[in-house]
2 protein chains.
Amino acid sequence: MGLQRTILTIAGSDSSGGAGIQADLRTFAALGHYGTSAITALTAQNTTGVQGVHGTPPYFLEQQIYSVLDDLDVQAIKTGMLFDAENTRATVRALKSHYTGRTMPPLVCDPVCVSTSGHSLLAPEALEVLTKDLFPLTALITPNKSEAELLLSRSISSIEDMLSAARDLLLCGPRAVLLKGGHLTAILADVDSLTRAHPEVAVVRDGLYGDDMEILALNAPQSTKIVIDVLCEADGPTAVLVRPWIDSTSTHGTGCTLSAALACALAEGTTVSEAAVHATAYTHLGIQTAIKLGAGHGPLNHLHSVARMGVPPRTPTNPYPFTQLLIKSSRVIWKEYVEHAFVRRLGEGTLSKESFIHFIKQDYHYLKYYARAYSLLAAKSNTFPHIDSATQTILNVLREISTHGAFCAEFGVSADELEQTREASATSAYGGYLMDVGLQGDTTKLLMALLACLLGYGEVGLWLKRAAAERPESKIVLEGNPYRRWIEDYSGEEYQAAVRAGLETIEARAAADPPSAARLDEWRAVWERCTRLEKAFWDMALELQE
Amino acid sequence: MGLQRTILTIAGSDSSGGAGIQADLRTFAALGHYGTSAITALTAQNTTGVQGVHGTPPYFLEQQIYSVLDDLDVQAIKTGMLFDAENTRATVRALKSHYTGRTMPPLVCDPVCVSTSGHSLLAPEALEVLTKDLFPLTALITPNKSEAELLLSRSISSIEDMLSAARDLLLCGPRAVLLKGGHLTAILADVDSLTRAHPEVAVVRDGLYGDDMEILALNAPQSTKIVIDVLCEADGPTAVLVRPWIDSTSTHGTGCTLSAALACALAEGTTVSEAAVHATAYTHLGIQTAIKLGAGHGPLNHLHSVARMGVPPRTPTNPYPFTQLLIKSSRVIWKEYVEHAFVRRLGEGTLSKESFIHFIKQDYHYLKYYARAYSLLAAKSNTFPHIDSATQTILNVLREISTHGAFCAEFGVSADELEQTREASATSAYGGYLMDVGLQGDTTKLLMALLACLLGYGEVGLWLKRAAAERPESKIVLEGNPYRRWIEDYSGEEYQAAVRAGLETIEARAAADPPSAARLDEWRAVWERCTRLEKAFWDMALELQE
């Protein structure tokens, strides 16, 4: 993901959100960066055209630029629509003045002259200011075909023309020129001709055309329509970037998006040629994945590069957001589990001895599965700390089993009887499920299954203890309760420390490997299944089911 | 994630990007929605204060609103800083005019009067227009303490004051009031007092304070500082939203962010009270996870709700982006594998018979592991199509083994000799790794391991065939080549169909469960390890290693 950089766009505002500073800021955000803006003009526009333009006074454009640069550490700047000669001059003045005596960060200039819908966005007299005063400050300019034609006063109708136009534009002073060929018809066969005529020109192919893997190569016919951009660097080779042409009306703001993505890459410190590859790929995917909006030329999808997080971030005051989400998403069944009639009666001391004995006999068998599942977890782990952590739990279960023996003896159940007791269906269902999850999935999925038990018993222990101490109306008591020791075990510091460690483990897993929506669903399903199996286990004990 | 909605913000522009339409648009994007904007005024500001304001002419504000509403299907609207009475009137006029005879989508009004830094952002004479003309159109207004004081001309200094202020503001006509208490000092103990005095008021606790899970409850002292918002609905109960107070300077644009997030939730169709819970949580996390920017009050982190995608989306012209990424990230070793000297000599027909025999003997053992690993994949699968797909591969391997026998006989190797041959280290290393990955991870991880082999052999088959046909200088030949059948098998349609199915499988996995950075690293590591093991396998065969 990399560090967040701060980037400034100096451009027009597009009310419809598809172009201008709105497209720039969305691109910066989608690529992980922080955007600031100085608005050169407001436009009232939508996907069908530009309905009005209202220029910003030059002094106020300058003021916006100073406000940003004086306070924030800007690592790249892009200019878009500059509106007129005055605002172009104001931009140059502000940049030169602020960066007197210090290095200006990379400046990308998209010399916007005409909108996709054909509206003129730059006063003719501004052209000279642009080329004479602004271009020499830039790391890169990104004209399209018609802008290059305007700047050079000649027509461009072939890839050859593009190559010479890009070279001639370099003479205006930018350190590089990316001449965009989106408005030029080209086919795959043209790339071969180009390579033959200009062996010195590097060809960068985006997507499938000409990837050097045979199994990935798409057999596209030579007549396939493509888009070619030409990149000329003052002190580097010339390259052409080739990618599939897309038949789409979602192209409003393509140029803004490309130059904004270029600014992001340059802010990250990449070379101009790497930046061009990343930015053209990002823009291409924005068109390709766009949802059609509006009646005319709609916006790109800028957000193809990000996905919504299913789990909120951990914070000091909310360290367990993932566990909360798991429990909330199965709240009803979770409450039925932790506040089960078996638990309540156990807390009141009114649970029948038969039910409790049935429970501890079946728990003995369950713990065998539980220990085996942790052994499987250890076997599936590939770091010593993970192997250690799983093994400590196995040791805890083994200790629990030895005290279990003494505990059972109190209730008149011998060790032999424990071992001989037939496993109830609920026990087999739960134990089998743990082993199955362990076989099917990775360690995180297995942990989801194992922790529903750990955390649930921790919750039961705590709420019984709290109710006994604070809520006499609950009838939960410790004094004289035949099951007091059970409650004290699960509410005790040793068990609760294990609960906290368990919470820490799953939260750390979810934070280190933020789950996709599909994976989150899978984790939730495991959690809910175990919650149901826990409830069924207590049903079984209470109702003395076989 | 839900459907993308289109939302309109009518507000000021903040050059520093932390507030205004910039914060709104970033919030819309972070919550999965498409933002449009009508700018009421430009500000030149940064984290230290507002250096200048330049109002938009009312006619042009109206024009922006019409441009958006006439073309796009807007599902929620928010207003922020409206600048002055004229622009407030223009806003009301444009909305009323556009929505004459049709239902206005939910309108959230953040009655911005003063900036966080203390700058007045609304002309005093605009207050009356706001309350009389705009409030009656709104689903919700979101004043903070000082705005509510200004609107009601009385001071607010307690939670009690907030409750009555929220109720009184309802009388101005909004359907709900969310009165923000961020500027009021409150502590956890106040919530208990409030509940005692007003049992009818619902308390919604965000984060840990009072969650009804014992194990998740943080033992915060009663003196802990909190933030309380009051939500009053015209036709609903009153609720207070409680969350931890954060000691942070990253609060520039908090109000804009909250109202933008509210508009998102309402656009999605949630109730006002659900919207309030979601939006306050989103804003809280924005402050909590912010990176400090600028010398004064910096922006929130709006993007805590999204993560960068590691794998680009699949498109018609680039159907295998994930496989490309895997191969590119291990390009050097991948080339050493698929263009190994063993492969080249095999293609030239110059490979020694001993090496080839050593290879097919060891391949026999390897295929046993390979079949077992696919059996493990079937055992780990939980849908019939996945079990079917794994089983078909096992059947393919079993068929391959029977033709293997005939093939080996050609080279004078008997079935018995095949079975008796001792396994070389390279074979054990590779086979053991497949089984280990199968034990450790989930089915996707195991597939990553299995496909490096499938795809690599597919690539070898294709490039040898292509070189034989098209590149005589490569010396690769089929005619008279003793290994011709091997090349034809792997470049043949049957094997290549399996390659395409394999590509489809991993691409579908990566698209359905977009990997986190950590998981992507894990998948890449498995892929690269297998690529190394493949190369080592050919080293072993070529050099007749034991």
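Axis, covered helix and ring pairs

In this predicted model, D442(B) is the residue of chain B that comes closest to the rotation axis, with its C-alpha at 2.4 Å.

Q: What makes the relation between chain A and chain B that of a two-fold axis?
A: Chain B is superposed on chain A by a rotation of 180 degrees with 0.0 Å of shift along the axis, at an RMSD of 0.1 Å. That is the relation of a two-fold axis. The same surface serves both copies, as 100% of the contact residues of chain B recur in chain A.

Q: Why is the pair of W334(B) and W527(B) called stacked?
A: Ring centres must lie within 6.5 Å for a pair, and planes under 30 degrees apart count as stacked. Here the centres are 5.5 Å apart and the planes stand at 20 degrees, so the pair is stacked. It is found in a structure where a search over all chains gives 46 aromatic pairs.

Q: What parts of the chain does the pair of W334(B) and W527(B) link?
A: W334(B) belongs to helix α11 of chain B and W527(B) to helix α20 of chain B, 193 residues apart, and the pair links these distant parts. Both tryptophans are buried.

Q: What makes the pair of Y366(B) and Y430(B) tilted?
A: The angle between the planes is 35 degrees, with 4.7 Å from centre to centre. Stacked requires under 30 degrees and edge-to-face over 60, and the rest count as tilted. Y366(B) lies in helix α13 (residues 353–380) of chain B and Y430(B) in helix α16 (residues 425–440) of chain B, so the pair ties together parts 64 residues apart in sequence.

Q: How do you know whether Y366(B) and Y430(B) are buried or exposed?
A: Buried means under 20% relative accessible area. Y366(B) has 3% and is therefore buried; Y430(B), at 1%, also counts as buried.

Q: What makes helix α10 of chain B mostly covered?
A: Seven of the eight residues of this helix (residues 321–328) are buried. They are P321(B), F322(B), T323(B), Q324(B), L325(B), L326(B) and I327(B). What covers them includes α11 (331–338), α17 (443–470), α19 (493–512) and α20 (517–542) of chain B.

How values were computed: Residues are numbered from 1 along each chain as its sequence is written. Chains are lettered from A and ligands numbered from 1 in the order in which they are written. This is a predicted model: local features need pLDDT of at least 70, side-chain atom pairs count only at pLDDT 80 or more; totals for chains, interfaces and linings use all residues. Side-chain values use heavy atoms; hydrogens and water are left out. Copies are superposed by least squares on the C-alpha atoms of residues with pLDDT of at least 70 in both. Contact means heavy atoms within 4.5 Å. Buried means under 20% relative accessible area, exposed over 50%, partly exposed in between (1.4 Å probe, protein chains only). Helices (H or I, at least four residues) and strands (E, at least two) are DSSP runs, numbered from the N terminus. Rings of Phe, Tyr and Trp (its six-membered ring) pair if their centres lie within 6.5 Å; planes under 30 degrees apart count as stacked, over 60 as edge-to-face and the rest as tilted.
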